[in-house]
Amino acid sequence: MEKLLQQLENYKKEITAANPVSADDIEAFRIKYLGTKGLVKSVMGFMKDVAIDKKKEAGQQLNDFKLFVEAKYESLKNLISETKHTNTDIDISLPGNPVLVGSRHPLSLVLKQIISIFQQLGFAVAEGPEIEDDWHNFGAMNLPENHPARDMQDTFYINQNPAWLLRTHTSSVQARIMEKQKPPIRVICPGRVYRNETISARAHCFFHQVEGLYIDENVSFADLKQTLYFFVQEMFGKDVKVRFRPSYFPFTEPSAEMDISCLICEGSGCNVCKHTGWVEILGSGMVHPTVLENFGIDSNKYTGFAFGMGVERICQLKYRVNDLRLYSQNDIRFLKQFTGVV
Ligand code: DAH
């Protein structure tokens, strides 16, 4: 017993003298004295050598010793948290670190604007998968296998299952809507699409589209023109001129591409309009009867129009972005120019 008391006294001296300062040293102190293999645990083992009549006293002593070590540990911990708070090196009068304000990506901004314009006309928004099957992307849209127009939209196929591909347009969402819904149908389909193209200022392997579909009784080409004209005026202002050029898409007949007067040079000629004064912004047309029939929609009773536009192109004209790659490079100098734009 005497020996034990002597031993505890020695330990206490050692512990009192210990002066760890850093958080690491304090943790080392805890492990050494209070850890599962630490000193406090091991001195408890002395109990078994103490005579029966001394056990109570020894227990008391050991417990006091434990409390002593714990108190020391607590005071060391407090010491470092206090020094942290009272660090007088901090000059609270200095300006703080500026909080960076984020902004929407320009494509998200433009997409939001496009959606809200069509919502005013009663269009709902529909989304679909980016990994598609051949039928929804091509077949159903009147682009059977080996159709030459497939070349206009070369895409990426998926090794694991060559029947899957990355959609080349959101017409695939139109297909999924016609599959599920009966006319009247009035939707726009925004989303990312993929094409197997070499990346340059004018082309990328992915971009964003908004396609639209309106099917009902008596829908005519005049409705198509008026809808798209309204869109252009809302998006670009009342002074912008519009023209339709006959075109070809397998899923529409007749088909037309729509140009607007070049906003960059206002008609005097620039790179964007290739010195013509006009810029193409979308493809459109009356939904091909075969497409309607593919989904069991009676083409004698119903007609419809469809259109598809590239969001990057609209954004280019709206915000004068001259290189497609800027959209995906994450360059903060480009992106922060859109701070505050709603
Ligand atoms: N899907 C066409 C493309 O990606 C764009 C398009 C043209 C969509 C005419 C349509 C349409 O719905 O009617 O090039």
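Where is asparagine 146 found? Asparagine 146 is in the loop between helix 6 (134-137) and strand 3 (157-158). Bear in mind as you look around that this is a predicted model.

For background, most residues other than glycine have a negative phi, and most peptide bonds are trans.

The bond from proline 183 to proline 184 is cis, with omega near 0°. Proline 184 belongs to the loop between helix 7 and strand 5 (185-194). Then there is the bond from glutamate 253 to proline 254, also cis, with omega near -5°. Proline 254 is part of strand 8 (residues 252-261).

**Around the ligand**

Now for the ligand, which sits in the largest pocket. There are 16 residues around the ligand, and His169, Gln174, Arg195, Gln209 and Glu211 come nearest. By type, the shell splits into four nonpolar, ten polar and two charged residues.

Which elements each supply at least two residues of that shell? Helix 7 (171-180) does, and so do strand 6 (206-216), strand 9 (278-287) and strand 10 (303-310).

| Residue | Ligand atom | Distance |
|---|---|---|
| Histidine 169 | nitrogen | 3.0 Å |
| Glutamine 209 | oxygen | 2.8 Å |
| Glutamate 211 | nitrogen | 2.9 Å |

How much of the ligand does the protein bury? Taken alone, the ligand exposes 350 Å², and the protein buries 91% of that.

**Aromatic pairs**

Last stop, the rings. The count comes to 14 aromatic pairs. One of them joins tyrosine 11 and phenylalanine 65, with 6.2 Å from centre to centre. The planes of these two rings are 40° apart, and the pair is tilted.

Why does this pair tie together parts that are 54 residues apart in sequence? Tyrosine 11 lies in helix 1 (residues 2-17) while phenylalanine 65 lies in helix 4 (residues 55-85), so the pair links those separate parts of the chain.

Technical notes. Residues are numbered from 1 along each chain as its sequence is written. This is a predicted model: local features need pLDDT of at least 70, side-chain atom pairs count only at pLDDT 80 or more; totals for chains, interfaces and linings use all residues. Side-chain values use heavy atoms; hydrogens and water are left out. A residue is near a molecule or strand if one of its heavy atoms lies within 4 Å of it. A polar contact is a pair of N or O atoms within 3.5 Å; within protein, one must be able to donate a hydrogen and the other to accept it, and residues adjacent in sequence count only if both atoms are side-chain atoms. Accessible areas come from the Shrake-Rupley method with a 1.4 Å probe; for residues, only the protein chains shown count as cover. On a 1 Å grid over the protein atoms alone, a cavity is a set of points where a 1.4 Å probe fits but cannot get out, and a pocket is an open set with protein on both sides within 12 Å along at least five of seven lines; lining residues have an atom within 4 Å of a point. A molecule sits in a cavity or pocket if more than half of its atoms lie within 2 Å of its grid points. Helices (H or I, at least four residues) and strands (E, at least two) are DSSP runs, numbered from the N terminus. Ala, Val, Leu, Ile, Met, Phe, Trp, Tyr, Cys and Pro count as nonpolar, Asp, Glu, Lys and Arg as charged, and the others, Gly among them, as polar. Rings of Phe, Tyr and Trp (its six-membered ring) pair if their centres lie within 6.5 Å; planes under 30 degrees apart count as stacked, over 60 as edge-to-face and the rest as tilted.
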